[in-house]
Amino acid sequence: MSDPTSPQNFPEDEYLSAEEIKTMWDILEQQLQEILSESREDLQYFTEQREVDPDELDLAVTESNRDFALRLADRERRLLRKIKNAMTRIQNGEYGTCESCGAAISFARLMARPVATQCIDCKTEMEQLERPKRAFIQ
Ligand SMILES: [Zn+2]
């Protein structure tokens, strides 16, 4: 039986070689594992904190720690979603293709930013649109 999560069974990417796809898959998988294990450690840390800090003063600290943990978890969740999205794009054979214009996303760009979904031209254009207007005046 062919395993759909194994890189040799992925459809051919329009722009990237099988070798490059395999490299990117390994990087994404490693990042995924890192986030998952970090999240688990955070959760454990903050659970322990709560158990040893019963008085009011420390409770405030614990509460702000908890806020921090939640914010961190939120950021991790977002990154996790991006990584999973990138892996799905690999499985669909569209990983090396820019979402906006259909051009190639260079392998060098993907190595620097494995979750990139746009080529450098589209990304630059989008950042210019997103930048606050006063940045142009300054
Ligand atoms: Zn593009």
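Biologist: Quick one to start: is Ile-120 buried, exposed or partly exposed?
Modeller: In this predicted model, Ile-120 is partly exposed, because 15 other C-beta atoms lie within 10 Å. Being buried takes 20 or more, and being exposed takes 12 or fewer.

Biologist: Where does Ile-120 sit?
Modeller: Ile-120 belongs to helix H4, which covers residues 120-130.

Biologist: And how far is Ile-120 from Ser-106 in space?
Modeller: Going C-alpha to C-alpha, 8.4 Å. Along the sequence, Ile-120 and Ser-106 are 14 residues apart.

Biologist: Okay, zooming out. How many helices and strands are there?
Modeller: The protein chain has 5 helices and 0 strands. Read from the N terminus, the order is α-α-α-α-α.

Biologist: What share of the residues count as buried?
Modeller: That's 13% of the 138 residues in the protein chain.

Biologist: Which residues touch the most other members of the largest nonpolar core?
Modeller: Those are Ile-21, Met-24, Leu-28, Ala-86, Ile-90 and Tyr-95, out of 15 residues in that core. Two elements each give two or more residues to the core: helix H1 (18-52) and helix H2 (56-91).

Biologist: Let's pick Ala-86. What does Ala-86 touch, leaving out residues up to four places away in sequence?
Modeller: Ala-86 touches Leu-28, Tyr-95, Pro-114 and Val-115.

Biologist: What about contacts across the whole chain? How many join residues at least 24 apart?
Modeller: If you take the contacts between residues at least 6 apart in sequence, 54% of them join residues at least 24 apart.

Biologist: New topic: Glu-99. Where is Glu-99?
Modeller: Glu-99 is in the loop between H2 and helix H3, and H3 spans 107-112.

Biologist: Why does Glu-99 count as partly exposed?
Modeller: Because Glu-99 has 14 other C-beta atoms within 10 Å.

Biologist: Last thing, confidence. What is the mean pLDDT of the chain?
Modeller: The mean is 83, and 77% of the residues reach 70 or more.

Biologist: And where is confidence lowest and highest?
Modeller: Helix H5, residues 134-137, has the lowest confidence, with a mean of 54. The highest is in H3, at 97.

Definitions and conventions
Residues are numbered from 1 along each chain as its sequence is written. This is a predicted model: local features need pLDDT of at least 70, side-chain atom pairs count only at pLDDT 80 or more; totals for chains, interfaces and linings use all residues. A nonpolar core is a set of buried Ala, Val, Leu, Ile, Met, Phe, Trp, Tyr and Cys residues joined through C-beta atoms within 7 Å. Helices (H or I, at least four residues) and strands (E, at least two) are DSSP runs, numbered from the N terminus. Two residues are in contact if their C-beta atoms, placed from the backbone, lie within 7 Å. pLDDT is the predictor's confidence in each residue, from 0 to 100.
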